[in-house]
Amino acid sequence: MEELNAVLVGNLIYILIGMIIIIAVLIGFIISLESKLSDMRKRLRKIIMGDDDSANSQEILIKHAEKINSAIDVEEKLTDEINKLKSLMKKSISRVAVVRFNAFDDNTAELSYCIALLDAENNGVIISSLTGREFSRSYIKPIENGTCPNYKLIKEEEQALRDASLK
């Protein structure tokens with residue numbers, strides 16, 4: 001123990017200088033951290049309280065909330081318009097087929113035709129034109145759910161209906 005005391009007393013000046021250096025470094029770290037903390041407090045105060053150059057956080061949040069509500073309103077309007085367009089498109093003509101043929105034996109050119117015009121639910125009309133050498137007749141037949149309930153279809157009209165229904 002006396003040897004330890006002798007070593008400590010003999011090196012006391014070096015131990016004291018080492019401790020002073022360590023304390024000085026720690027004080028430097030504390031000053032640096034305090035400076036950074038002060039800067040962060042100033043920024044936080046600017047965000048919360050606002051200053052001449054910027055709005056306070058409550059005003060910023062209110063503006064963002066207004067923008068979000070506006071975007072939600074626009075999205076709801078667009079969704080309504082899309083739904084209206086989808087409903088309209090189901091009822092619009094989207095399936096078309098044409099079949100050309102010879103209606104009569106005396107006519108060599110395919111001047112007669114059938115056109116099937118259908119919506120997405122296979123509702124619509126078939127327009128037929130039968131053309132001979134000296135006359136032409138046109139017919140329109142309603143189509144409901146892919147069938148013609150009131151009229152008999154000729155084979156070319158049936159072909160046009162099948163072709164349009166497949167699209």
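**Exercise 1. Find which residues of helix α4 are buried, and say how they are arranged around the axis.**

Solution. Start with burial: E156, E157, A160, L161 and A164 of α4 are buried (buried means under 20% relative accessible area, exposed over 50%, partly exposed in between, with a 1.4 Å probe and protein chains only). Next, look down the axis: the buried residues of α4 fall within an arc of 140°, so they line one face of the helix (the arc is that of the directions from the helix axis to the C-beta atoms). Finally, ask what the buried residues pack against: they meet β1 (95-101), β2 (112-118), β3 (124-131) and β4 (136-143) (contact means heavy atoms within 4.5 Å; helices, H or I with at least four residues, and strands, E with at least two, are DSSP runs numbered from the N terminus).

Before going on, please note that this is a predicted model, in which local features need pLDDT of at least 70 and side-chain atom pairs count only at pLDDT 80 or more, while totals for chains, interfaces and linings use all residues. Residues are numbered from 1 along each chain as its sequence is written, and side-chain values use heavy atoms, leaving out hydrogens and water.

**Exercise 2. Check the span of α4 against its number of residues.**

Solution. Helix α4 covers residues 155-166, which is 12 residues.

**Exercise 3. Classify the aromatic pair formed by F104 and F135.**

Solution. Rings of Phe, Tyr and Trp (its six-membered ring) pair if their centres lie within 6.5 Å; planes under 30 degrees apart count as stacked, over 60 as edge-to-face and the rest as tilted. The count comes to one aromatic pair. The ring centres of F104 and F135 are 5.2 Å apart and the planes stand at 65°, so the pair is edge-to-face. Now place the partners: F104 is in the loop between β1 and β2, F135 in the loop between β3 and β4, and the pair links distant parts of the chain, 31 residues apart. F104 is partly exposed at 29% relative accessibility, and F135 is partly exposed at 35%.

Conventions. Expected span 1.5 Å × (residues − 1).
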